[in-house]
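Please view the structure below before reading on.

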Amino acid sequence: MHRRALFGLPTACAAAVVAIIVGSSALAAQDDKSEKEDKTPPQPPVYDPYPPDLLPSDLQSEIDRVNAEIDRIFQETRAQAQALPINSGTAMRQVQLLGKLELFDKNLSVNRNEACTFCHMPYTGFSGPISSLNATTVAYPGSVRFRFGKRKPQGYTYSPYYPALEFNETQQDFYGGNFWDLRATGVKLQNPDSEQAQGPPHDTQEMGMLDTACVVYRLSQSAYRSFFEMVWGTQAFDIKWPQDIEDTCSTPAGADVFGGDSTPVDLKKHDRGRANATYDQFALSITAYERAPDVSPFSSKFDASLAGTATLTADEQAGYDLFRGKGNCNSCHLDGRGTSLAAGQTDTSKAANLQPLFTDFTSSNLGLPKNPDNPFYFQTTPDGFGFTANPEGSGFTDLGVGLFLRGLSGSNPNADWAPLAPRFDGKMQVSTVRNVDMRPCPTFVKAYMHNGYLKSLKEVVHFYNTRDTLAQCTGASGEMEKVTCWPPPEVAANMDMTVGKLGLSDTEEDQIVAFLQTLTDGYPNPSTNYTDFDTFSGSCP
């Protein structure tokens, strides 16, 4: 109900609606009064076990830029939430805006300096927003400076569409799940996207909270507490917090003071149950936003072509034909069309799926080489909190799904899956290729695959095309990595042999890239047609 329509209501009804609106305004004012000044706890010296010049020189200034953009979006979203009429007709938007507030809230990290969106900004398809990091380390620094994760931040457009993880006995394959290694199974909420949202806040390398209850505590202290209660109920924060809660929740995950205890916040059983339930509601709100048209709108040029309101160029169409033909891309990145083209055929079929997700929800090992610039390999010594992220150093091998099935990355919820681990070593999620080229400007570097070894769509297609035809790099003089040779795969087992020798010409590679660029949402102009795309405030390389 819009406010300007109130005067057309019967007096009693109008009075009731006015009371709701005034009440929500009062709650907003109360939020403003209760909002605490950020208190960043004292920090030990910056953790820096890295070789000289590994970290880009503009790292701190770029962190500051992204955080300033996040702050602006957070405040704009607060204003939208406060202005939203509260009634049954806005229930969907309420939970979406709540999820957006959570994603852009830096206070949900241990040092109040990193929001979820620090690694996932709108103008890059909700993937890494710092070009210099994408071009070098690929992994992003966490709330504890400078711990780094071991993989590239995934874009999470369309991630709410992935089903809960299951093992198909007939196909002998896993379907669904989220994260690169599928460890966000959705086992409890039956929603992998929500389970994925619960991961980074208490990840040692990311937002760094040592207990999920700390996230709930910070939510209870937030500027939008009453908005959260309006969506989920006032019981959400009916929790008796211990006196030392501030100190406990200002201690990073992995700190040796709690001896590895993952639930050091001292709560009674009832309060722990309440905190767990509220943490689930926190995650479901994020999924509501990520599924909304703000993030996953199906508004690309390709979608417009399905609707008959846009026509692909000759190169884009040629690339699309290669995508579902000679390039064999459609074997994993399903396009939802009714048929594949053979020589001499013309496809005039209706689309089998008018919202194709360009994934088959499985995982695959493409034989990707290691990325030696990943800072994770150098985190072999304790930081100022006594935490060592990677005792194996450069000997660490990222086994992907196999790592998860062994219980070495997240928790495997099904013991029957553990023996399958060797068959899934090296496999990573087949991510959607929607928004794969979304960037604020053409020279902005995006990294690709789980470790970001490939730095452009051209490199991606060239790798698929020539992995098995170019020589293996030996370090000999005259070699040109990615041009005349490829390094050996990080995991040689279980490699996908549907790629590697496609026989594409250089022109055909470019045409596939041209088609992939039609999958960017916000057509014809993302700056005006994609929510928050225009928030990029940096300069392009």
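F358 has a relative accessibility of 0%, so F358 counts as buried (under 20% relative accessible area; exposed is over 50% and partly exposed lies in between, with a 1.4 Å probe and protein chains only). F515 is likewise buried, with a relative accessible area of 0%.

## Basis of the model

The model is predicted: local features need pLDDT of at least 70, side-chain atom pairs count only at pLDDT 80 or more, and totals for chains, interfaces and linings use all residues. Residues are numbered from 1 along each chain as its sequence is written, and side-chain values use heavy atoms, with hydrogens and water left out.

## Aromatic pairs

Rings of Phe, Tyr and Trp (its six-membered ring) pair if their centres lie within 6.5 Å; planes under 30 degrees apart count as stacked, over 60 as edge-to-face and the rest as tilted. By this rule there are 27 aromatic pairs. In one of them, the centres of F302 and Y320 are 5.4 Å apart and the planes stand at 80°, so this pair is edge-to-face. Both F302 and Y320 are buried.

For F358 and F515, the centres are 6.4 Å apart and the planes are at 50°, so the pair is tilted. F302, Y320, F323, F358 and F515 form one aromatic cluster.

## Charges over rings

A charge sits over a ring if NZ of Lys or CZ of Arg is within 6 Å of the ring centre and within 35 degrees of the ring normal. K150 lies over the face of F376, 5.8 Å from the ring centre, and the charged end of K482 is over the ring of Y453, at 4.5 Å from its centre.
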